[in-house]
Amino acid sequence: MGTLTTCTLSTLDFNFTVKSRQIPNFRLPKKPKSSCFLCRRSIQSERVWFPRRSFRRLRCYSSSDNGNHEGETSSSGSSNKSTTDSATTTTTTTASPPEVAEDTRTNDYDSDPPSVSSRPPTISPLGPAYNNFQVDSFKLMELLGPEKVDPADVKLIKEKLFGYSTFWVTKEEPFGDLGEGILFLGNLRGKREEVFAKFQSLLAEVTGNKYNLFMVEEPNAEDLDPRGGPRVSFGLLRKEVSEPGPTTLWQYVIAFLLFLLTIGSSVELGIASQINRLPPEVVKYFTDPNAIDPPDMELLFPFVDSALPLAYGVLGVLLFHEVGHFLAAFPKKVKLSIPFFIPNITLGSFGAITQFKSVLPDRSTKVDISLAGPFAGAALSLSMFAAGLLLSSNPNTTGDLVQVPSMLFQGSLLLGLISRATLGYASMHAATVPIHPLMIAGWCGLTTTAFNMLPVGCLDGGRAVQGAFGKNALVAFGLTTYTLLGLGVVGGPLSLPWGLYVLICQRTPEKPCLNDVTEVGTWRKTIVTVAVFLVVLTLLPVWDELAEELGIGLVTTF
């Protein structure tokens, strides 16, 4: 065993600096935070207000922003940063004097704390490039969407246009389909028509030909204007946003092809009207559902010449309709697109789609242009229908008459009563009725005009009702029209295809006018009301019991 003779224990100086660490006062974020569904980084939400609804705008900030966005980093980045900062703090505490360490901790806690997500960090299988991908849908929408109003112009307009004696602005809201404009809400201090005319002239002087100013009803207004009528607001939109674009080359090509198809459907209607003269095999193929083998279509060529008068009548009604629109729009300096004709084998055509290519000045102009086309087409159709009735009752024109089933007259209450009063009970109460082709053309023209005057969507009738009674009235009329078409109350067998056509092509109401507040005169409202009433009578079919009582057609079964 060894003996310990001496033991020299040198004093070791272990200097443990222990400081009480105070819990920092973290500043709570003023805005709620969440995590991005793509890169798992923390995002910041901002409430954005649009008319009648609000939603949050989400921004995703990556760690590469160098703290430019309020210290928003990903959860994994926050963990790494916390670890690195902790190590740095420990090293500094050991190597630096206590006051330096205290200053370092103080500076760390003075800044915003890193956001910590409750969800564990996940590693994307696509690699770091996917994690660094930044998503900002609203910035993308701003880049791809319509150009917004310049804030500098808004400030200039508020200084130059609005004032205490005209319109006192109290609030601003987004305006337009995507919030690309500005809606000025406030108190009107004069007669609305005079104030609006003054604003339009001043706007042209201040900003040039850059913006369109709309006078619309104030949304969600709780009371009326003290001077009478609804409270008004003024909306500002860029002209390239508010005005429709020009007609493209492809649209011209499509319109031309549709016109050729409409010519073919009109000729087909003329051939079908000669069903009593057509070869039996052709009639059987088109009337017998069990017929399989198609006949030789060359057999129809001899009947084309005799079908042309009826085709000319149908096309003439369509052209008169469109000319009426253009004649009414020209004095108002309103531009219209080319008509897109819709072919139909039953009536020859369903009419045409004609778009406004400029903003309408007021609601009276909308009513006038909308009614001009149907009135022109109806005038020509009624003339041909009356002439056809007179020729049908003339014994000298027997060779030009065609035999049609008497059941066809039950398709319209108004036209059936007129035919019954002109042709007599004996002629109408039979299996077939001899009539002139002009009468068929007039009947088809009046039916097509009535369909286009239905008060729904962007049809002529819908535009007229919207201009005469307002957008809310159009909604009520539209729901009623869709219900009647769906039940087959109006339109008969054509109610379903016409309803689908409206839903697909013409369901959207027309955009507001520049002056969308000033109401039209009483006589315009009266004309629109009478026109809608006549449309219902024209498209209302006659049921069998009433047809037998009135003598419209031969009813064999009940």
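I started with residues 340-360: this stretch is 0% helix and 52% strand, and its end C-alpha atoms sit 21 Å apart. (Helices, H or I with at least four residues, and strands, E with at least two, are DSSP runs numbered from the N terminus.)

Before going on, I noted that this is a predicted model, where local features need pLDDT of at least 70, side-chain atom pairs count only at pLDDT 80 or more, and totals for chains, interfaces and linings use all residues. Residues are numbered from 1 along each chain as its sequence is written, and side-chain values use heavy atoms, with hydrogens and water left out.

Next I checked residues 525-543, which came out as 79% helix and 0% strand, with end C-alpha atoms 31 Å apart.

Then I went for salt bridges (a side-chain nitrogen of Lys or Arg within 4 Å of a carboxyl oxygen of Asp or Glu). The whole structure has eight. One of them joins glutamate 172 to lysine 158, with the closest N and O atoms 2.7 Å apart. Glutamate 172 is in strand 4 and lysine 158 in helix 5, so this pair ties together parts 14 residues apart in sequence.

I also looked up arginine 524 and aspartate 368, whose side chains meet in a salt bridge at 2.9 Å, N to O. Arginine 524 belongs to helix 18 and aspartate 368 to helix 11, so here the tied parts are 156 residues apart in sequence.

Buried or exposed? I used these cut-offs: buried is under 20% relative accessible area, exposed over 50%, partly exposed in between (1.4 Å probe, protein chains only). Arginine 524 is buried at 16%, while aspartate 368 is partly exposed at 22%.
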